[in-house]
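Me: I have a structure that I have not looked at before. Could you go through it with me, step by step?

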Amino acid sequence: METVRSQIKSKQAKTNTRKLTGLLQFLTVLPQLVVEPDLHEAPKRPDRGAAEVDIRRYVGPSGRGLNYARYGDPAGPLVLYFATSSRPEESAAWRAEMHRQALCVYAPYRPGFGGSDPLGKREDLIEALAADCSALISARPDPRAPVVLAGHREGGILAARIASELAEAHRVRGVALLSTGAPMTDWSMLDHISPPARRSLWAAQKAPAALKLGYTAAAKLFRSSASGREQLVRFFTQDNPQDAALLADPDIFDQVAADIAYCFEDCGRIVDDMALWSSEWAAPPWG
């Protein structure tokens, strides 16, 4: 009985309900909370000029080509941005905000994606990207100006590793790790993400306690067994067929699994970050 009481108190704390009746009421309305958001409200469009993106191509001494998106203020401080997806240019609203902040963003497409030439071995990735990024920095009018590296989720891990490679030759000011990716003010982008991701963004606003429980349950499944680990890794890559195909390489599978394990270290923080980003940048269409 004491174990049951302890578990109930834990659930009450996580759902911010004081009494058992409040917890039961929360569980009763939960199915009504996890529904699709209303996406019919027209979002405010950012200034088109500020949101323009210039897709460029760099060919290094090896002959390998690297495509990268350049946006923001061309005269501003340089930010090298590594996305978690194969679309580093992000949304128009994100690009407009980078311009408003007077930042110049260079966002490389991962090797094998977005026109960038593929690499051979996985272990070549850091060295090759570091060399290419070093050349991009050196081509700037002031190659000794400080540079910031930023990354979204596993892109953040990539940014940190490349920063260590660039530190000797360039003035790396720091690394920004964005746990939840680009802020979404262009809510029409929700049409292009999976229903689970759409529900997660909505739940972060309306039912954060329920979402934290969901993340906690997923983390337990991930740690429970090898099959649970594989199930979660494949779940997080199911929206991108190219990424899913890469999991056939055991090294890449292990890297993705390690990235997910890192994100599961603080499930509550992920939900709080989602709620903060999606509320401070713009009002979401659900009010």
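Me: Where does Leu27 sit?
Reply: Leu27 belongs to helix 2, which covers residues 20-33. Please keep in mind that this is a predicted model.

Me: Is Leu27 buried, exposed or partly exposed?
Reply: Leu27 is partly exposed, because its relative accessible area is 45%, and the range for that class runs between 20% and 50%.

Me: Which residues make the nonpolar surface patch?
Reply: Leu20, Leu24 and Leu27 make a nonpolar surface patch of about 280 Å².

Me: Let us step back. How many helices and strands are there in the protein chain?
Reply: The protein chain has eleven helices and six strands. Of its 287 residues, 41% are buried. The chain exposes about 15,900 Å², and carbon and sulfur atoms supply 54% of that area.

Me: What is the strand order in the sheet?
Reply: The six strands form an open sheet in the order 1-2-4-3-5-6, and the pairing is mixed. Strand 1 (53-59) and strand 6 (172-178) each have a single partner strand, so these two stand at the edges and one side of each has no neighbour in the sheet. On average, neighbouring strands are turned by 25° against each other, direction ignored.

Me: How do strand 1 and strand 2 pair, parallel or antiparallel?
Reply: Their pairing is antiparallel, over seven bridges. The two strands form a hairpin with five residues between them, and Gly63 in the turn has a positive phi of about 90°. Within this pairing, Arg56 has Tyr68 of strand 2 as its bridge partner.

Me: And what about strand 2 and strand 4?
Reply: Strand 2 and strand 4 run antiparallel and are joined by five bridges. Here Arg70 stands opposite Tyr106 of strand 4. Strand 2 is mostly covered, with seven of its eight residues buried.

Me: How do strand 5 and strand 6 run, parallel or antiparallel?
Reply: Strand 5 (residues 147-152) and strand 6 run parallel, joined by six bridges. Val147 stands opposite Val172, which is in strand 6.

Me: Which strands does helix 3 lie across?
Reply: Helix 3 (residues 92-100) lies across strand 1, strand 2, strand 3, strand 4 and strand 6, and runs at about 65° to strand 2. Its buried residues are Ala93, Trp94, Arg95, Ala96, Glu97 and Met98.

Me: What about helix 4?
Reply: Helix 4 (residues 124-138) lies across strand 1, strand 2, strand 3, strand 4 and strand 5. Helix 4 runs at about 155° to strand 3.

Me: What is the phi of Ala102?
Reply: The phi of Ala102 is near 60°, a positive value in a residue other than glycine. Most residues other than glycine have a negative phi. Ala102 is found in the loop between helix 3 and strand 4, and is partly exposed because its relative accessibility is 30%.

Me: New topic: how many salt bridges does a search of the whole structure find?
Reply: The search finds eight salt bridges. One of them joins Asp54 and Arg56, at 2.7 Å from N to O. Asp54 counts as partly exposed at 29% relative accessibility, and Arg56 counts as partly exposed at 34%.

Me: Which residue does Glu2 form a salt bridge with?
Reply: Glu2 forms a salt bridge with Arg5, and their closest N and O atoms are 2.8 Å apart. Both residues lie in helix 1 (residues 2-15), three residues apart, which is about one turn of the helix. Glu2 is exposed, with a relative accessible area of 59%, whereas Arg5 is partly exposed at 41%.

Me: What about Glu230 and Arg234?
Reply: Glu230 and Arg234 form a salt bridge in which the closest N and O atoms are 3.1 Å apart. The two are four residues apart in helix 8 (residues 226-235), so about one helical turn separates them. Elsewhere, salt bridges that share partners join Asp54, Arg56 and Arg70 into one network.

Me: One last item: how far apart are Ile270 and Tyr215?
Reply: Ile270 and Tyr215 are 55 residues apart in sequence, and their C-alpha atoms are 8.8 Å apart in space. Ile270 is in helix 11 (residues 267-280). Ile270 counts as buried because its relative accessibility is 12%, and the cut-off for buried is under 20%.

Note on methods
Residues numbered from 1 in each chain as written. Predicted model: local features only at pLDDT ≥ 70, side-chain atom pairs only at ≥ 80, totals over all residues. Heavy atoms only, no water. Pairing = 2+ DSSP bridges. Axes fitted to C-alpha atoms, helices over the stretch in contact; angles between N-to-C directions. Contact = heavy atoms within 4.5 Å. Patch = residues over 30% accessible without salt bridge, like charges linked within 9 Å, V, L, I, M, F, W, Y side chains within 5 Å. Areas by Shrake-Rupley, 256 points an atom, 1.4 Å probe, with all protein chains shown as cover. Salt bridge = Lys/Arg side-chain N within 4 Å of Asp/Glu carboxyl O. Buried < 20%, exposed > 50% of the residue type's maximum accessible area, 1.4 Å probe, protein only.
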